[in-house]
Amino acid sequence: MKALFTFTIALAILLTGCKEFIEPSIEKRNVVLLAPTNGAESSRYSQTFWWEPVEDALKYRLQVVSPNFDQTLTLILDTLLETNRFNYTLDPGNYEWRVRGENGSSQTPYFRSSFFIYASSIKEQQVQLQLPGNNTLSNQAAHTFTWLKLFGADKYTLQIDTNNFIDESKLFLDKTLPGQEFAVTFERDKLYKWRVKAKNDTAESKWSVIQNITYDKTPPTIVLLNAPANNESVAKPVNLRWNTTATATKYQLYAYKSEGRVLYSSKFPMTLTATNYSFTEGVSGEKVYWEVRAIDEAGNTGAYSELRSFVIQ
């Protein structure tokens with residue numbers, strides 16, 4: 001009985017391990033489409049395509065055509081996604097959409113559904129924002145803001161603010177444009193919020209959702225080295241330690257063969273999230289030089305620390 005139990009456990013572990021290395025086939029799996037439902041009619045130009053996740057699928061191929069896949073006149077969308085939903089803005093008309101799951105070695109059949117969008121006033125519509133993506137954090141000053149076309153609109157108002165649009169007379173940017181993009185250059189480190197509204201001669205749409213972008217060009221402060229002390233004689237492994245820098249999310253460690261900053265090996269510079277590193281290389285009597293600099297979440301790099309050295313005992 002004990003032998004049977006041991007065999008069962010071993011088999012379960014083996015099968016679990018195999019699944020990690022042998023990708024399961026999804027050729028016979030189904031994709032359950034959730035929205036828009038087959039035959040749906042809507043006055044909303046912005047649609048959310050949504051389906052149930054497929055086990056062992058890594059990505060999904062979403063295609064949208066007009067009027068349908070049997071008599072296609074226009075390919076609207078053909079995109080590969082890692083999530084099971086996607087928003088897109090369409091003109092009034094007949095549409096059919098389909099989805100299949102994919103992994104590295106197989107794919108499901110396509111599953112499809114049709115729907116109809118009828119024309120309505122832009123008063124009931126919202127512009128769909130594209131780039132920069134919501135909650136973008138960047139150390140680049142220049143950005144191009146883009147959004148999707150809204151049927152029935154001939155111009156768009158782009159607003160950008162740093163005070164949550166409380167006072168529209170003091171916005172960072174308030175501009176009416178004929179197209180769906182505009183280039184902006186930031187000057188100060190700030191959290192910026194942006195939104196877009198569509199217009200024509202007789203009506204205005206609702207404001208889009210508000211999206212955020214943070215501009216951060218300020219580098220982290222200089223890293224202070226902790227141990228070993230400069231020129232100290234130490235035994236391997238040498239525990240290199242430095243102090244935490246407030247805004248840093250990671251650190252670059254440099255080790256050199258000389259003061260001329262010839263890198264010690266191809267391992268360096270090494271990027272670490274910890275504030276220490278165990279140096280195991282080198283031979284007795286060898287002198288090694290090292291320094292560290294911090295990197296923040298926006299990708300800004302701080303100044304290099306002092307250059308220290310240690311001698312391997």
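Q: In which sense do strand β19 and β22 pair, and over how many bridges?

A: Strands of a sheet pair through backbone hydrogen bonds, either parallel or antiparallel. In this predicted model, where local features need pLDDT of at least 70, side-chain atom pairs count only at pLDDT 80 or more, and totals for chains, interfaces and linings use all residues, β19 (residues 238–242) and β22 are joined in the antiparallel sense by four bridges. Residues are numbered from 1 along each chain as its sequence is written, and side-chain values use heavy atoms, with hydrogens and water left out. Strands are DSSP runs (E, at least two residues), numbered from the N terminus, and two of them pair if DSSP finds at least two bridges between them. L240 stands opposite Y277 in β22.

Q: Which strands stand at the edges of the sheet, and why is one side of each left without a neighbour?

A: The open sheet of three strands runs in the order β17-β19-β22, with antiparallel pairing. β17 (225–227) and β22 (276–279) are the edge strands; each has a single partner strand, so one side of each lacks a neighbour in the sheet.

Q: How are the rings of Y254 and Y256 arranged?

A: Rings of Phe, Tyr and Trp (its six-membered ring) pair if their centres lie within 6.5 Å; planes under 30 degrees apart count as stacked, over 60 as edge-to-face and the rest as tilted. The whole structure holds 22 aromatic pairs. For Y254 and Y256, the ring centres are 6.1 Å apart and the planes at 25°, so the pair is stacked.

Q: Is Y254 buried or exposed?

A: Buried means under 20% relative accessible area, exposed over 50%, partly exposed in between (1.4 Å probe, protein chains only). Y254 is buried at 9% relative accessibility, and Y256 is buried at 4%.
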